[in-house]
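Trainee: Could you pick one part of this model and take me through it closely, along with whatever surrounds it? I'd be glad of the cut-offs behind each term as you go.

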Amino acid sequence: MYSYADFQPGDGTRYHLTLVSEEYGGIMIVCNRSSCWRYHPENNELKFIFGDNNNWTRKAIQDYMDHLEFGVE
């Protein structure tokens, strides 16, 4: 999987996400070219990897990923 997402959660911010499947599980997320995260859809877990870490970005990414549907492999 390789995809882009561009969204505004309604609080005056805008996010551009690049999502890439990880070789060993999960989804790598690059947000606004300023932070990197890993999401595990199996347990709905979002982990900060590096870059700008703040609660607003975490909440926006988590909310976005919560609304996606992932197929079972």
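Mentor: Let's start with the open sheet, whose five strands follow the order E1-E2-E3-E4-E5 with antiparallel pairing. Because E1 and E5 stand at the edges with a single partner strand each, one side of each has no neighbour in the sheet. Neighbouring strands are turned by 25° against each other on average, direction ignored. The model is predicted, so local features need pLDDT of at least 70 and side-chain atom pairs count only at pLDDT 80 or more, while totals for chains, interfaces and linings use all residues. Residues are numbered from 1 along each chain as its sequence is written, and side-chain values use heavy atoms, leaving out hydrogens and water.

A word on the names: strands (E, at least two residues) and helices (H or I, at least four) are DSSP runs numbered from the N terminus. Two strands pair if DSSP finds at least two bridges between them. E1 and E2 pair in the antiparallel sense over six bridges, and Tyr2 stands opposite Val20 in E2. E4 and E5 also pair in the antiparallel sense over six bridges, with Gly51 in E5 as the bridge partner of Ser35. Four residues lie between the strands in the hairpin of E4 and E5, where Asn44 takes a positive phi near 55°.

Now for the part I'd look at closely, helix H1. H1 lies across E1, E2, E3, E4 and E5 and runs at about 35° to E4; such angles run from 0 to 180 degrees between N-to-C directions, with axes fitted to C-alpha atoms, for helices over the stretch in contact. Its 12 residues reach 16 Å from first C-alpha to last, close to the expected 16 Å, the expected span being 1.5 Å times one less than the number of residues. At the N-terminal end, Asn54 caps H1, placing a side-chain oxygen 3.1 Å from the backbone nitrogen of Trp56.

Which residues of H1 are buried? They are Thr57, Ala60, Ile61, Gln62 and Met65, where buried means under 20% relative accessible area, exposed over 50% and partly exposed in between (1.4 Å probe, protein chains only). An α-helix has 3.6 residues a turn, so residues three or four places apart point the same way. The buried residues of H1 pack against E1, E2, E3, E4 and E5. Take Thr57, with a relative accessible area of 9%: beyond its neighbours within four places in sequence, Thr57 is in contact (heavy atoms within 4.5 Å) with Tyr15, Cys31, Ser35 and Trp37.

Lys59 pairs with Asp63, with the closest N and O atoms 2.7 Å apart; both lie in H1, four residues apart, about one turn of the helix. Asp63 is partly exposed at 32% relative accessibility.

The whole structure has three salt bridges. In one, Arg14 meets Asp6 at 2.4 Å, N to O, and Asp6 is partly exposed at 45%. In another, Arg38 meets Glu22 at 3.5 Å, N to O. Since Arg38 lies in E4 and Glu22 in the loop between E2 and E3, this pair ties together parts 16 residues apart in sequence. Arg38 is partly exposed at 24%, as is Glu22 at 25%.

How values were computed
A polar contact is a pair of N or O atoms within 3.5 Å; within protein, one must be able to donate a hydrogen and the other to accept it, and residues adjacent in sequence count only if both atoms are side-chain atoms. A salt bridge is a side-chain nitrogen of Lys or Arg within 4 Å of a carboxyl oxygen of Asp or Glu.
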